[in-house]
Amino acid sequence: MMKTLIAAASAALMIALPALAESDAAGSMNASIGLGKARAVAAVSAQPSDTLLAKASEAGKFSTLLSAINAAGVEEALSGPGAYTIFAPTDAAFAKLPDGAMETLMKPENRDQLIALLQMHVVAGDVITAEKASGQQFTAETLNGPVAIDGTDPASGVWVNAVSVDGPDIRASNGVILAIDTLLLPAG
């Protein structure tokens, strides 16, 4: 089963890579995860305390995501200026994957696939909050394809591709984090 999941996820992610390499959605994305270039980066703890990564670390429920960001080498891009929305899978979301799936993706030889997975969770150039989504349905363009945002049912809150947003917005100097309880995978 794990081989099937890895193969399916890898195939879907590889289809999207050519389009991702052209991504320069916010102008400042030259150093972003859209380019997938190897970069020298500082540790998450060395980032200013009000950035997305610092806020994710403070929240205490995104350690797997932060490890993936570190393994992909994209900390600097997500700590820079800009308007980013991160649909951030919680540790519980990653726990839904088959045993060993994330460890496999975090290996250096799978870096491009890991970057593509992370890109599915980042919107550059727009800050999407639960308040903004409330009462609306719209499509947002991540660095790896579109996601459907649905905030039309006040009782159930905001959904991203039929994945529930879990908890309040986490606002940072360079964007907002919306915690989600399941990973977003590219179509295909």
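Which residues of β1 are buried on one side, and which on the other? Tyr 84, Ile 86 and Ala 88 cover one face and Thr 85, Phe 87 and Pro 89 the other, all of them buried (under 20% relative accessible area, with exposed over 50% and partly exposed in between, using a 1.4 Å probe and protein chains only). In a regular strand the side chains alternate between the two faces of the sheet.

Some ground rules: this is a predicted model, where local features need pLDDT of at least 70, side-chain atom pairs count only at pLDDT 80 or more, and totals for chains, interfaces and linings use all residues. Numbering starts from 1 along each chain as its sequence is written, and side-chain values use heavy atoms, leaving out hydrogens and water.

Strand β1 spans residues 84-89; strands (E, at least two residues) and helices (H or I, at least four) are DSSP runs numbered from the N terminus. β1 pairs with β2 (residues 122-124) in the antiparallel sense over three bridges, pairing being at least two DSSP bridges between two strands. Here Tyr 84 stands opposite Ala 124. With β8 (residues 175-180), β1 pairs in the parallel sense over six bridges, and Ile 86 has Ile 177 as its bridge partner.

Now for helix α7, residues 111-119. Eight of its nine residues are buried, so the helix is largely enclosed by the rest of the structure. Asp 112, in α7, is partly exposed at 41% relative accessible area. Its C-alpha atom lies 7.9 Å from that of Ala 72, 40 residues away along the chain.

Leu 118 is one of the buried residues of α7. Along with Phe 62, Leu 118 touches the most other members of the 30-residue largest nonpolar core (buried Ala, Val, Leu, Ile, Met, Phe, Trp, Tyr and Cys residues joined through side-chain atoms within 4.5 Å). Helix α3 (residues 63-72) gives this core its largest share, five residues.
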